[in-house]
Amino acid sequence: MRYRSLILAALLARVAAASGESKMLLRQNWAIQPSAEVDESGAALSVAGFRPARAWHPATVPTTVFGALVAAHVYPDPYFGTSLRSVPGVSYAIGSNFSNAPMPDDSPFHKPWWFRTEFQLPADYRGKTLWLGFDGINFRANVWLNGQQIAASDRLAGAWRLFEFDVTAAAKPGGANALAIEIFPPEPGDLAITFVDWNPLPPDKGMGLWRDVSISATGPVAIRYPVVTTHLSGGAQLNIRAELKNASAQPIEGVLKGRVERMEFSEAVKLAAHETKVIHFAPFKVDSPRLWWPAQVGPQNLYPLDLAFETGGKTSDISHTEFGIREVTSELDAKGHRLFHINGKNILIRGAGYTFDMLLRSSPERQEAELRYVRDMNLNAVRFEGKLEDDHFLELCDRMGILVLAGWCCCDHWEQWAQWNQEDDVVAAESLRDQLRRLARHPSVFDWLYGSDNPPPPKIEQIYLDVIKDVEWPNPYQSSATAKKTPAGDTGVKMTGPYE
């Protein structure tokens with residue numbers, strides 16, 4: 001049996017190598033330490049072989065600082081009794097919204113913490129463009145790789161941002177590499193991750209690398225955010241697009257090739273130096289599509305989408321994803337109630353709110369169990385109120401037919417628009433841009449709320465609407481989960497009784 005497993009693993013590795021897939025998740029071998037106990041600079045900490053004067057705490061990423069310390073038994077299990085209240089700095093009043101209060105001066109999380117790891121890069125990464133990716137940092141950070149500063153906290157800010165940096169010049173393929181990240185905790189005026197009354201907010205306010213960190217290798221041009229949208233009319237018209245990022249200082253010409261089962265298509269592309277461009281393939285028709293349906297309505301059919309960008313006779317990057325052929329439409333009825341249709345069929349939304357674990361921990365097993373509970377309760381939807389799950393969760397929703405209504409949070413800085421500054425405007429807009437581009441490929445995601453308990457004022461609403469238009473969001477969206485009207489129109493939803 002073990003021999004067969006080794007053969008299978010070797011075959012899978014060979015397939016991955018042949019396809020050009022090159023991505024490393026940096027999850028192991030991390031250590032964390034409060035900045036108050038670190039004298040060295042980021043340049044010194046990010047040198048392979050660095051030995052600290054005192055022992056650091058071990059960590060596995062993704063993790064928050066407090067989550068790592070609980071796992072290392074520095075603090076007791078915060079889910080047991082009143083253990084959470086025994087942690088230094090947990091002095092906020094029970095029932096209050098800690099996200100709106102400053103971190104107490106005696107909190108060990110009052111100042112930044114360092115995250116550090118060392119890792120080997122494959123020798124075959126030489127000659128390739130190397131990308132350092134962050135799927136979630138809460139809340140802002142300075143990043144150093146091999147003694148070089150990659151990003152600074154004045155721009156690397158936002159818990160819902162997706163950051164990617166070209167680190168080809170700093171990385172060392174075939175050798176030891178060191179990464180050091182100084183992470184700053186969220187402050188009351190930050191657009192961070194909060195729980196309101198869903199969970200107690202932990203003492204570090206979720207500070208940390210709460211989603212994956214990765215190193216990926218491509219040619220000079222990388223493929224990002226492939227999306228397929230559908231219009232149903234006597235069959236299915238498929239509209240396919242993807243972003244291409246030219247990392248080189250030279251203009252590049254090439255061909256973006258695609259395939260959906262036996263259907264092949266291509267598009268000639270010209271990219272200026274360092275240009276990122278959205279590429280649209282000419283729409284094509286599928287006469288007898290296998291449609292994607294929500295649970296209890298029909299099957300969850302999925303199609304493969306494979307893309308490859310070729311230039312100079314070489315494959316620069318490839319992409320594989322799955323999509324569903326389905327179209328979501330929405331309208332207001334004669335009474336002003338919002339109706340949703342999927343593939344032209346009326347759909348009754350029967351859902352419930354969803355939240356993260358208090359320490360932002362997750363696992364594929366827990367995610368699958370929770371979605372099975374959703375189906376077992378005869379529900380067909382979950383709502384993310386500022387708790388946007390990862391791609392694995394969304395892929396499970398795609399396969400299980402669980403609809404996802406996503407949007408921002410209430411009762412914290414996300415709705416304190418009168419207090420926003422210019423950085424908030426930028427972080428909010430770019431957070432929306434990153435998340436909508438990530439969510440759009442999932443057939444399970446059917447709606448977006450850019451407000452929550454309240455709609456944003458006209459200025460902020462227009463910022464959101466401009467982003468929604470720019471990313472070509474294919475699904476319905478509303479200003480909030482209330483009936484409050486904005487310049488964008490009626491929502492067709494309500495929050496009056498029994499909630500209020």
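Q: How many bridges join strand β23 to β24, and in which direction do the two run?

A: Strands here are DSSP runs of E with at least two residues, numbered from the N terminus, and two strands pair if DSSP finds at least two bridges between them. This is a predicted model, in which local features need pLDDT of at least 70 and side-chain atom pairs count only at pLDDT 80 or more, while totals for chains, interfaces and linings use all residues. Residues are numbered from 1 along each chain as its sequence is written, and side-chain values use heavy atoms, with hydrogens and water left out. In this model, strand β23 (residues 338–342) is joined to β24 by two bridges, and the strands run antiparallel; Ile342 stands opposite Lys345 in β24.

Q: What is the strand order in the open sheet of three strands, and which are the edge strands?

A: The order is β22-β23-β24, with antiparallel pairing, and the edge strands, each pairing on one side only, are β22 (328–332) and β24 (345–346).

Q: In what order do the strands of the four-stranded open sheet come?

A: That sheet has the order β1-β13-β6-β10, again with antiparallel pairing, and β1 (23–25) and β10 (163–166) are its edge strands, each pairing on one side only. From one strand to the next the twist averages 20°. Within the sheet, four bridges join β6 (residues 129–134) to β10, and Leu132 has Phe165 in β10 as its bridge partner.

Q: At what angle do the axes of helices α4 and α5 cross?

A: Helices are DSSP runs of H or I with at least four residues; their axes are lines fitted to C-alpha atoms over the stretch in contact, and angles run from 0 to 180 degrees between N-to-C directions. The axes of α4 (residues 364–376) and α5 (residues 391–400) come within 10 Å and cross at roughly 35°. With contact meaning heavy atoms within 4.5 Å, the α4 residues that meet α5 include Leu371 and Arg375, and their counterparts in α5 include Phe393 and Met400.

Q: How many cavities of 30 Å³ or more are there, and how much space lies in the largest?

A: A cavity is a set of points on a 1 Å grid over the protein atoms alone where a 1.4 Å probe fits but cannot get out, and lining residues have an atom within 4 Å of a point. There are four cavities of 30 Å³ or more, and about 70 Å³ of space lies in the largest, whose lining includes Ser99, Glu187, Leu201 and His413.

Key:
On a 1 Å grid over the protein atoms alone, a cavity is a set of points where a 1.4 Å probe fits but cannot get out, and a pocket is an open set with protein on both sides within 12 Å along at least five of seven lines; lining residues have an atom within 4 Å of a point. Grid points are joined across faces, edges and corners, and a volume is the space filled by probe spheres set on the points.
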